Amino acid sequence: MATSTERWLFLGFFFAFAVKCAAVAAAHLAAHAMQESTAPVAVLITAVVDKVGTFAMLRFCLQLFPEASKWATPVILVLAAHLAIVIRRARTPSRRGTSSAW
């Protein structure tokens with residue numbers, strides 16, 4: 001397979017699975033769905049849908065497009081670090097507007 005073709009196919013697969021595992025801007029849709037759903041449905045969304053997207057990304061992108069995976073590694077690492085920071089900030093309660101001794 002030509003290098004440019006492999007890269008384009010990798011990007012297509014990666015973006016599709018990134019949306020599935022909530023690594024792209026569409027993640028707010030999953031969060032909204034989880035807030036509006038019952039507890040069992042929220043568990044299903046978290047446990048199954050997110051994990052399947054992550055597994056498929058690793059399973060198919062790495063195996064089908066090994067050279068493109070090596071090419072995209074730096075960008076993916078930056079995306080992963082950014083997502084870790086965003087998730088950490090989202091889970092930390094804000095101290096604005098509260099009266100504390102700090």
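Trainee: Is S69 buried or exposed?

Mentor: S69 counts as buried, because its relative accessibility is 7%. Buried means under 20% relative accessible area, exposed over 50%, and partly exposed in between, with a 1.4 Å probe and protein chains only. Keep in mind that this is a predicted model: local features need pLDDT of at least 70, side-chain atom pairs count only at pLDDT 80 or more, and totals for chains, interfaces and linings use all residues. Residues are numbered from 1 along each chain as its sequence is written, and side-chain values use heavy atoms, with hydrogens and water left out.

Trainee: Which element is S69 in?

Mentor: Helix α4, residues 66–91. Helices are DSSP runs of H or I with at least four residues, strands are runs of E with at least two, and both are numbered from the N terminus.

Trainee: And what is S69 in contact with?

Mentor: Leaving aside neighbours within four places in sequence, S69 is in contact with F10, C61 and L62. Contact means heavy atoms within 4.5 Å.

Trainee: Switching to charges. How many salt bridges does the structure hold?

Mentor: One. K70 pairs with E67, and their closest N and O atoms are 3.6 Å apart. The term covers a side-chain nitrogen of Lys or Arg within 4 Å of a carboxyl oxygen of Asp or Glu.

Trainee: Why would side chains pair like that?

Mentor: Side chains of opposite charge can pair when their charged atoms come close. K70 and E67 are three residues apart in helix α4, so about one helical turn separates them. K70 is exposed at 58% relative accessible area, while E67 is partly exposed at 48%.

Trainee: What about the nonpolar surface patch, which residues make it?

Mentor: M1, L9, F13, F60 and L64, over about 460 Å². Patch residues have over 30% relative accessible area and no salt bridge; like charges are joined within 9 Å, and nonpolar side chains (Val, Leu, Ile, Met, Phe, Trp, Tyr) within 5 Å. Areas come from the Shrake-Rupley method with a 1.4 Å probe, and for residues only the protein chains shown count as cover. Helices α1 (3–20) and α3 (39–64) each supply at least two of the patch residues.

Trainee: Last topic, confidence. Which element has the lowest mean pLDDT?

Mentor: Helix α2, residues 27–36, at 68, whereas α1 has the highest at 88. pLDDT is the predictor's confidence in each residue, from 0 to 100. The chain averages 79, and 80% of the residues score at least 70.
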